[in-house]
Amino acid sequence: MTQTTLRQHLHASNTDRDLLMLLEDIATACRMIADRVRHGAFAGVLGAAETENVQGETQKELDVISDEIFQEIVGGNPNLAALVSEEVDEVNWRKQAPQAGDFVVYYDPLDGSSNLDVNLSVGTIFSIVRLKEAVPTEASAVQIKGTEQIAAGYAIYGPSTGLVVTVGQGVVGFTHHPGSGEFLLTQPAMSIPEQTQEFAINASRYDLWEAPVRRYIDDCLRGANGRRGKKFNMRWCASMVADVHRILTRGGVFLYPKDSGNAGQGGKLRLMYEANPMGMLVEQAGGAASTGTGRIMDVAPTGHHQRVSVILGSRDEVAEIERYYTE
Ligand code: P6P
């Protein structure tokens with residue numbers, strides 16, 4: 001059986017050469033992050049870094065290390081105008097005079113890092129846009145809508161290290177092969193079933209949810225005797241990468257809606273480097289990604305760390321949830 005590497009697949013898909021090189025740099029950074037994550041316990045880096053990120057969250061040592069790796073490896077790409085990191089307040093401009101054709105990469109270097117101490121899956125999420133014109137090195141220049149993404153993906157550091165990517169031609173999954181060090185093609189066409197009986201939500205926030213979300217979950221929990229007429233299962237990994245990977249693999253719906261606990265911030269998850277890339281992946285796999293009242297990728301950014309409600313996954317189930325918002 002022939003094995004296909006990331007480079008061979010992207011080349012066979014006629015991926016733009018500069019984008020192919022950038023995706024290879026991102027894959028290299030993810031392999032290095034995977035290595036640090038897997039050896040974290042022996043390197044004394046599992047504890048907190050005693051620093052806070054721009055979100056006000058205590059950083060894990062590995063959050064900081066992962067961001068540094070990404071900056072060092074991807075930051076060296078010759079066609080990169082800027083890096084926007086969950087861990088860093090300011091935009092990291094790599095060029096003093098960004099030109100049309102240069103890339104901007106938005107990323108969460110280690111998503112779900114609260115799972116590290118308990119050895120559960122974490123990941124790296126990335127989103128890529130290509131500048132259509134020269135821009136000033138000002139933060140407003142990277143407030144680019146999700147519909148402008150040309151590629152998105154994530155690495156998942158679980159029982160195996162996976163890389164899931166879209167360049168706008170569907171969603172493809174690779175698995176890291178320790179012997180060769182390569183990401184080899186293992187899921188050529190990831191597709192989300194239109195219907196599901198499985199939802200993912202942090203149910204401890206029940207009392208904070210808006211009425212449409214509470215009514216939707218109540219109906220799911222009523223099962224076959226309720227309005228939905230079928231039984232639902234629940235999963236919650238506290239790692240968006242893990243929950244989305246499950247949904248891309250077998251279907252489901254993921255909800256992190258704005259609630260009375262996070263309404264002041266606009267929600268919990270970040271638009272530019274969580275919701276938008278996952279939204280592109282889910283749509284490319286036949287699913288839907290909504291704020292509850294509109295398409296995530298249509299949200300016009302007002303800041304590169306802004307937050308947004310996230311409801312994504314099986315297309316028919318997302319549409320059902322949107323109906324709860326309109327009722
Ligand atoms: P909670 C991880 O911190 C994250 O950003 C996502 O990966 C995950 O889905 C969510 O937050 C978990 O949030 O409220 O369950 O801790």
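User: How do the residues of the lining of the largest cavity divide into nonpolar, polar and charged?

Analyst: In this predicted model, where local features need pLDDT of at least 70, side-chain atom pairs count only at pLDDT 80 or more and totals for chains, interfaces and linings use all residues, the lining of the largest cavity divides into four nonpolar, four polar and one charged. Ala, Val, Leu, Ile, Met, Phe, Trp, Tyr, Cys and Pro count as nonpolar, Asp, Glu, Lys and Arg as charged, and the others, Gly among them, as polar. Residues are numbered from 1 along each chain as its sequence is written, and side-chain values use heavy atoms, with hydrogens and water left out.

User: What makes this space a cavity, and which residues line the largest cavity?

Analyst: On a 1 Å grid over the protein atoms alone, a cavity is a set of points where a 1.4 Å probe fits but cannot get out, whereas a pocket is an open set with protein on both sides within 12 Å along at least five of seven lines; lining residues have an atom within 4 Å of a point. The largest cavity holds about 30 Å³ of space, a volume being the space filled by probe spheres set on the points, which are joined across faces, edges and corners. Its lining consists of Tyr 106, Ser 127, Val 129, Ile 144, Lys 145, Gly 146, Gln 149, Met 272 and Asn 276.

User: How much space lies in the largest pocket, and which lining residues are closest to its centre?

Analyst: The largest pocket contains about 420 Å³ of space, and of its 26 lining residues, Asp 111, Gly 112, Ser 114, Ala 238 and Lys 268 are the closest to its centre. By residue class, that lining has seven nonpolar, eight polar and eleven charged members.

User: Why is helix 5 called largely enclosed?

Analyst: Buried means under 20% relative accessible area, against over 50% for exposed and in between for partly exposed, with a 1.4 Å probe and protein chains only. Nine of the eleven residues of helix 5 are buried, so the helix is largely enclosed by the rest of the structure; among them are Met 240, Asp 243 and Arg 246. Helices (H or I, at least four residues) and strands (E, at least two) are DSSP runs, numbered from the N terminus.

User: What makes strand 4 and strand 10 edge strands?

Analyst: Two strands pair if DSSP finds at least two bridges between them, and eight strands form an open, mixed sheet in the order 4-3-5-6-7-8-9-10. Strand 4 (92-93) and strand 10 (182-187) each have a single partner strand, so one side of each is left without a neighbour in the sheet.
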